[in-house]
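Here is a friendly walk through a structure with two chains. Keep the picture open beside you as you read, and find each place as it comes up.

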Amino acid sequence: MAKTKIKRNSGLSDKVNNKKKVDLNKKKLNPFEVHINREKFKVLGQKSKHDRGLPGVSRAKAIQKRKETIGTEMKLMHKTNAFIDRRIGEKNNQLSSDDRVLARFAAERIKQYSKKNIYNLADDEILTHRGQTLEEIEKFDDPRSSDEEDEDGRKMGGLDDEFVSEGHFGGGVLSKTESKDGARSHKDLIEQLIAESKKRKAEKQKEKEQTLDLTEKLDTEWKDLQPVVFKRTKVEEPSLIDKILDKAEKRNEDYDRAMRELKFDRRGVPSDGLKNEEKVAKEEKQRLEKLEMEREMRMHAREIDKSSMPKEQNKHRSADDLDDNFELDDGPDFMLAYDKDGKPLVPEHIFKQNSGFLSSKTKFNEGISDSSDADNEHDENEESDDEKESSDEDDEEQDGHNIIGNDTEDKLNIECETDVKEKDQNMESDSSTSHKEKSIDDNDMTEKQNDDEKLDIDNDINLDNNINESEDEADDDMINFKDYQGLKQSDQESEDEIMENDEVEERISSFFDVLNSEGDNLKELLSGKTPQQQSLVLERLIKSYDPSRAENNKELLCRLYAHLLQYIDDLFSNLEEEDEVLNSFKTFKKIAPYMYDLALSNVLICKKYLCELLKKKHEDFKINKKRVPDLDTLIFFKLVSLLYATSDYRHPVATPCFVFMSEILTKCQFQSPYSISRGIFITSLLLEYTVLSKRLVPAAINFLRGILFLSTETSILNPIQVIPPFRLHKDKKVLVLEDDCNKMAEMYKMAAKDLVAKEATNEFKIRCVISSVNMLHEMFENFGDIECQECLFAPHIQLLNRLNLELYPKKVGFRISEVIQDMKQKLETKTFTLLTKEKKKPKALKLYEPDIQEVFTGRKHSKLPREKLESNKLKHKHKREMKGALREIRRDKAFIASVKIKQKIQSDNVRKEKVKQIYKEAAIQQGELNKLKRMK
Amino acid sequence: MAAPPYNSSKMISAQLRNKANEFLDSRKHANNLADILQMFEMESDNYTPVLLTIEVIFTELLKRGDLFEEIVPLKPNDVTPEGQYKRWLRECYEAAWSRTVSCMTKARGGSRLQALVTACKLLQAEGRYPLEPQNGYSFPAGRLKTIFNAFLDSEILMSAPITRFQEFSEYKDVQQYGLKVLAAMSYRKSPTPIFMQNYLELLDKLLTTDIMPEIKNKDKDKDDDKEDKVLCAVKGQPSFAYNAIICRRHANRCWAFACQWPLCAEPRTQKRALLLLVEKLMPLLMKPHLATDMLCDSLDAGGPISMLALQGVLELVCHHNIDYPDIYERLYAMFEPEMFATRHKRRLLHLADIFLSSTHLPESLVAAFAKRLSRLALVAPPEDTAALLQLVANLLLRHPGLKRMICYDDTPAIMSSDPYVMEETSACASGALSSSLWEVSALRRHWLPAVASAADKVLAAADPRAAPVTVQVPDELMLFDAELKKRFKSIEMNFIRPVGASLPSGERLAHYWEIAT
């Protein structure tokens with residue numbers, strides 16, 4: 001069986017056979033060949049390599065090896081050519097002929113492919129040179145490039161028609177007789193031609209060099225001139241010179257134009273490679289992903305904080321530490337020492353702790369203050385680790401506050417400029433106090449003073465204007481409204497007109513923006529315009545004050561931000577008509593992106609402005625806690641959600657807004673359409689704030705419960721609990737639908753008119769209910785993963801069940817019942833798992849770095865330094881290698897000698913043979929000769 | 001006077017000042033006093049300048065001793081002009097006093113308070129420079145009585161003047177004599193609610209400073225006694241001897257009368273009485289258990305009243321061996337969402353912390369409390385949430401058995417519903433012990449970082465090193481400023497520029513409103 005198998009796949013069997021033979025050879029040891037080396041000492045555990053050897057075999061091997069190496073070399077000595085067989089698989093006898101052919105073919109293909117790759121460069125990748133693709137560069141707009149030359153060259157180098165017709169195709173009898181010049185040999189003709197073309201070439205070359213030189217010269221001159229030109233334009237000349245210049249202007253027009261063209265000529269080299277669209281998109285995507293990841297990190301900031309906390313505490317660890325978090329004593333020891341007067345020199349904190357030794361009374365006081373401090377800190381929450389930072393930071397912070405304070409002062413100034421003088425005094429006093437405190441930035445101070453001066457200067461001029469403007473402001477809303485209506489129709493038609501208008505306005509904005517009156521300027525600019533126009537104007541304004549243009553533009557933009565805040569505030573205060581509300585929101589929509597840009601340009605200061613504003617609003621709210629703040633407060637919550645990352649665990653702007661909104665929802669009375677609509681507005685904003693982080697906002701959930709409560713009939717007998725701002729039996733059920741509205745059109749969203757509604761109409765009631773049901777559903781979905789979803793939302797479901805759905809429009813009723821069903825179903829399938837603690841991994845005992853010591857060997861040199869030892873070792877090795885090499889060389893020499901002697905002997909033998917032959921032949925010849933002689 | 005604008009009133013006060021100065025300078029202008037007193041007769045909104053003038057004049061006169069008269073029994077009035085003048089001055093003084101006191105009840109706003117202050121100042125002056133020779137410490141108790149009469153007999157609530165009176169009731173002598181006078185005048189059969197309210201408030205103010213209940217630590221307090229404020233003390237005169245026992249007795253008498261009134265008829269009065277009883281009187285009463293009935297009735301009333309009564313009951317139970325059957329059930333029932341709207345929630349939380357600090361309570365009861373508190377924390381305003389969570393953490397720390405509610409040791413079974421029944425009135429039967437504090441773990445997602453970390457702390461209560469902390473409820477509306485003050489390393493902006501007024505992702509306002517689209 002086995003044999004047949006082997007025969008079938010013979011190729012394999014061959015291999016196996018060969019191998020076996022080799023194995024057999026190895027194993028079969030000829031006992032006569034073995035030589036046993038005598039051992040002098042028996043060392044226990046030592047593996048002796050050389051206890052036995054095969055001298056004959058190894059010698060034969062060595063000789064064979066030499067034959068293959070030195071032997072062949074010797075053969076080829078003094079020979080220039082060598083024959084190397086490079087056919088693939090030729091030497092490998094395990095390959096069949098088919099395999100061999102295949103391998104060769106494959107190799108050929110590879111070779112072809114690689115060659116193609118080398119020379120077909122522009123196949124799949126685009127090469128660039130200094131960031132521009134070669135294709136683009138191939139426009140060859142460099143005057144020195146050879147393109148032009150080629151064009152001319154062809155004309156020049158090419159032979160002209162006459163010559164071609166004559167020299168090439170001319171000749172023959174007919175033409176010769178016709179030619180006027182008579183006989184002129186062909187050779188002459190050619191010579192003349194060559195000379196001519198050479199001359200022309202030289203001329204051309206010369207001309208070209210000249211122009212090149214000229215352009216280069218011009219370039220360098222222009223470069224020298226450039227700074228002068230730029231500087232001159234920056235310094236605006238006073239009007240006196242303008243007059244003189246006016247006359248010369250006409251003449252200079254051409255020159256000026258040319259100069260401007262040159263000036264604005266872009267002459268920079270692109271620094272980065274041009275990215276194609278895909279790459280740009282990809283990078284953008286990566287960037288967004290990174291930011292999103294950071295955002296999520298911030299959202300879960302708490303957990304991260306915790307994990308990073310213990311790292312900081314990682315101080316000294318005792319070897320006996322059992323990792324049970326037992327702390328011996330944390331305070332660092334200090335040396336008790338005394339100064340000259342005999343008072344102990346003790347660090348302050350320790351002094352506080354230990355002052356009990358010194359006097360009992362102080363200890364008592366200190367103890368109290370300490371504990372209260374600790375409590376405070378405790379209250380402040382552990383997150384605020386910044387607070388532990390040194391006191392100089394405190395100072396800085398104070399600085400910041402001062403700045404804000406002054407800025408707001410400033411803002412106020414701008415707001416009511418009619419009593420500028422009084423304010424000026426204020427400012428001065430302000431600045432003087434701040435001088436005393438020495439806590440305000442110098443820069444800020446100087447700026448402030450400048451402002452003051454300017455205020456003084458402009459005071460007289462502006463006063464009149466301001467009065468007018470303030471009147472304008474009073475009518476602002478009215479105008480706005482009228483204009484809005486008027487322009488609404490003609491919006492599209494007069495697009496061009498608008499553009500012109502805007503250009504004029506922009507001029508005004510860019511030239512009239514004196515520091516102190518920008519608030520009014522802004523109002524002037526924006527009032528009486530459609531939202532679209534306003535956005536255009538704003539865009540231009542921001543662009544014209546781009547921070548890259550001038551140094552203090554950044555500051556100006558910050559001021560612009562503050563004024564825009566004020567503008568939004570004005571925009572949203574005292575809204576009484578639906579149209580006004582809509583218009584305000586439209587304008588806000590247009591302004592908001594620019595607010596983002598501005599806030600991004602200087603994050604810190606803009607945040608401070610916004611916080612100050614919120615603080616002011618909160619103060620107003622505190623005065624009457626029962627009244628819901630109007631839209632001029634609420635809109636800023638929306639602005640915050642547009643500008644800032646509201647999903648953060650803790651955010652300098654968003655968290656106070658959260659607090660504010662939650663306070664509104666818990667403290668205010670919700671009895672009128674005014675308050676209810678605003679409450680719903682806030683609730684939807686709270687949803688927006690938490691849409692990513694899915695945080696729990698009890699105030700919003702309670703509010704929805706209250707709204708549902710207000711819209712259901714509840715009897716005294718089976719009451720459903722409500723949460724405080726709503727009262728169980730005292731509140732009037734303002735939202736109960738009494739009439740049958742089944743036929744009414746369905747509506748899902750709250751509308752602008754709800755914000756100004758005076759009475760709770762049926763539509764209002766329906767809208768309130770349906771939007772709160774929708775919001776409730778979303779909140780419900782947000783908390784799908786927490787166990788106490790049921791106790792949060794069960795009262796809502798109870799209330800929803802009591803809604804008289806038949807009175808509502810069909811689709812609305814359907815939607816509500818759908819939500820109820822969904823919520824019920826989800827609560828039914830809810831499972832409760834008891835809280836468990838995460839199983840802690842058992843901590844491994846801390847292992848220490850192994851202390852490795854050298855084993856005692858009893859040698860003398862063991863105490864030498866490491867480097868020395870190393871070098872000694874190397875030397876020893878070198879010596880041994882040298883010895884081995886010498887031996888090898890000697891053996892090589894012997895081998896060569898033996899080969900040579902063999903050759904010699906062989907050649908001697910041949911010679912001897914030949915000599916013998918000669919002798920033999922000679923003898924024969926002699927014999928024959930003798931024979932002939934004898935015959936004669 | 002019909003149209004008294006600002007200027008004229010200024011003028012009047014200047015005029016009055018002139019007149020007073022003239023009068024005090026020489027007797028020639030004696031009629032000025034009559035003129036000034038005449039001013040009271042006129043209808044006016046603002047009696048303040050007149051009152052101030054009177055105050056100045058009579059304090060000066062008293063100081064000078066112009067009013068001083070030595071009454072020698074059986075001696076006829078001397079008819080000298082000097083004597084007549086003195087008598088006339090006395091008459092004027094009496095008239096001025098009665099005017100001032102009537103001003104307290106009849107005048108408006110600022111004048112009422114000024115009248116009180118003037119009366120008290122005069123009282124002080126008279127105490128220092130008595131009208132008649134006296135041996136021992138002199139205190140014009142009669143004057144004080146008229147003031148009190150004005151307080152109590154008024155037909156309106158006198159809370160503003162009474163609050164102002166606190167300035168004076170802090171003086172030890174005023175306290176002692178005041179209690180005495182009040183005790184003397186408090187017998188009344190069926191007082192009006194307003195009377196009761198005023199009475200209770202006055203008593204409350206009189207007890208502002210602690211009366212030393214026992215004299216056992218007399219030695220220690222000797223130093224402090226010297227620092228006590230005494231209204232009518234003059235150097236060289238016999239000093240005022242403060243007697244805590246007498247004070248206490250008078251206070252007891254005051255309360256004994258008040259006890260018999262129908263205090264529980266009106267919730268406002270009841271609240272007032274309870275507040276007084278609980279905060280001030282309880283330690284002073286000789287027989288506090290007499291208040292038991294009232295406290296028990298109040299405890300049944302529900303709402304804020306029972307919250308107040310709870311403290312009194314606690315006192316009774318702790319110190320006076322009174323056994324109240326199911327006080328924990330009562331306490332349990334008090335934890336309702338409505339408590340957040342009341343002003344006494346802080347007190348309730350504090351009391352609950354004390355009540356539940358006993359380690360001898362059944363675990364099921366404490367578990368029910370923990371569960372209910374955390375349920376409430378789910379719907380509470382943020383500052384209350386933090387306090388409630390602290391309370392829950394304290395419960396967990398004091399009753400180690402409750403740790404199964406946050407870390408169940410065995411492999412947890414999956415349940416289909418929460419075993420805890422919130423509606424169950426009996427705390428022990430609510431089945432809270434087999435439940436878990438899922439509410440707390442939900443609160444870890446609260447939007448306010450402080451609350452979230454408090455929830456973390458509750459869940460970390462299994463840590464043996466944590467210790468109970470006293471529950472503190474921060475002030476309302478302070479949270480906003482506190483958050484604004486926090487410092488941050490960076491201010492994170494949205495990384496996508498908003499298009500229009502809607503967020504690129506997660507816009508909700510436009511989702512529910514038809515305005516910002």
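In chain A, pLDDT stays under 50 over residues 354–500, and the model has 92 contacts beyond four places in sequence for that stretch. Please keep in mind that this is a predicted model, and pLDDT is the predictor's confidence in each residue, from 0 to 100. Over the whole of chain A the mean pLDDT is 71, with 60% of the residues reaching 70 or more. Another stretch of chain A with pLDDT below 50 is residues 145–157, which has 8 contacts in the model beyond near neighbours in sequence.

How does chain B score? Chain B averages a pLDDT of 75, and 80% of its residues score at least 70. Within chain B, confidence is highest in helix α17(B), at 89, and lowest in helix α10(B) (residues 218–227), at a mean of 45. Residues 1–6 of chain B also have a pLDDT below 50, with 5 contacts beyond near neighbours in sequence. For the complex, the predictor gives an ipTM of 0.75 and a pTM of 0.58.

Chain B has 22 helices and 1 strand. Of its 517 residues, 42% count as buried. Among the contacts in chain B with a separation of 6 or more, 74% are between residues 24 or more positions apart.

Now look at where the chains meet: 65 residues of chain B are in contact with 83 residues of chain A. On the chain B side, the elements that give two or more residues are α17 (363–379), β1 (414–415), α19 (438–443), α20 (449–459), α21 (479–485) and α22 (509–512). Which of them gives the largest share of this side? It is α19(B), with 5 residues. By type, the chain B residues on this side divide into 42 nonpolar, 9 polar and 14 charged.

A pair of strands also links the chains. Strand β7 of chain A (residues 832–833) is joined to β1(B) by 2 bridges, and the two run antiparallel. In one of the pairings, T833(A) has I414(B) as its bridge partner.

R497(B) sits in the loop between α21 and α22 of chain B. Leaving aside neighbours within four places in sequence, R497(B) is in contact with P593(A) and Y596(A). R497(B) counts as partly exposed because it has 14 C-beta neighbours inside 10 Å.

**Buried places**

The largest nonpolar core has 241 residues, and Y561(A), A370(B), L389(B) and V392(B) touch the most other members. Not counting residues up to four places away in sequence, V392(B) touches A370(B), L373(B), S374(B), V440(B) and V458(B).

A752(A) is found in helix α29 (residues 752–755) of chain A. Is A752(A) buried or exposed? A752(A) counts as buried because it has 22 C-beta neighbours inside 10 Å, and 20 or more is the cut-off for a buried residue. Beyond four places in sequence, A752(A) is in contact with E578(A), V581(A), L582(A), F585(A), E514(B) and I515(B). Although A752(A) and E578(A) are 174 residues apart along the chain, their C-alpha atoms are separated by 6.0 Å.

| Helix | Residues | Number of residues | Span in the model | Expected span |
|---|---|---|---|---|
| α22(A) | 553–572 | 20 residues | 28 Å | 28 Å |

Just after α22(A), N574(A) takes a positive phi of about 60°. In α24(A), the buried residues include I605(A), L613(A) and F621(A).

H78(A) has a positive phi of about 65° although it is not a glycine. H78(A) lies in the loop between α3 (55–76) and α4 (97–119) of chain A, and H78(A) is exposed, with 6 other C-beta atoms within 10 Å. K694(A), also not a glycine, has a positive phi near 55°. K694(A) is found in the loop between α27 (673–690) and α28 (698–710) of chain A, and K694(A) is partly exposed, with 16 other C-beta atoms within 10 Å.

Note on methods. Residues numbered from 1 in each chain as written. Chains lettered and ligands numbered in written order. Predicted model: local features only at pLDDT ≥ 70, side-chain atom pairs only at ≥ 80, totals over all residues. Contact = placed C-beta atoms within 7 Å. Helix = DSSP H or I, 4+ residues; strand = E, 2+ residues; numbered from the N terminus. Nonpolar A, V, L, I, M, F, W, Y, C, P; charged D, E, K, R; others polar. Pairing = 2+ DSSP bridges. Core = buried A, V, L, I, M, F, W, Y, C linked by C-beta atoms within 7 Å. Buried ≥ 20, exposed ≤ 12 C-beta atoms within 10 Å, placed from the backbone. Expected span 1.5 Å × (residues − 1).
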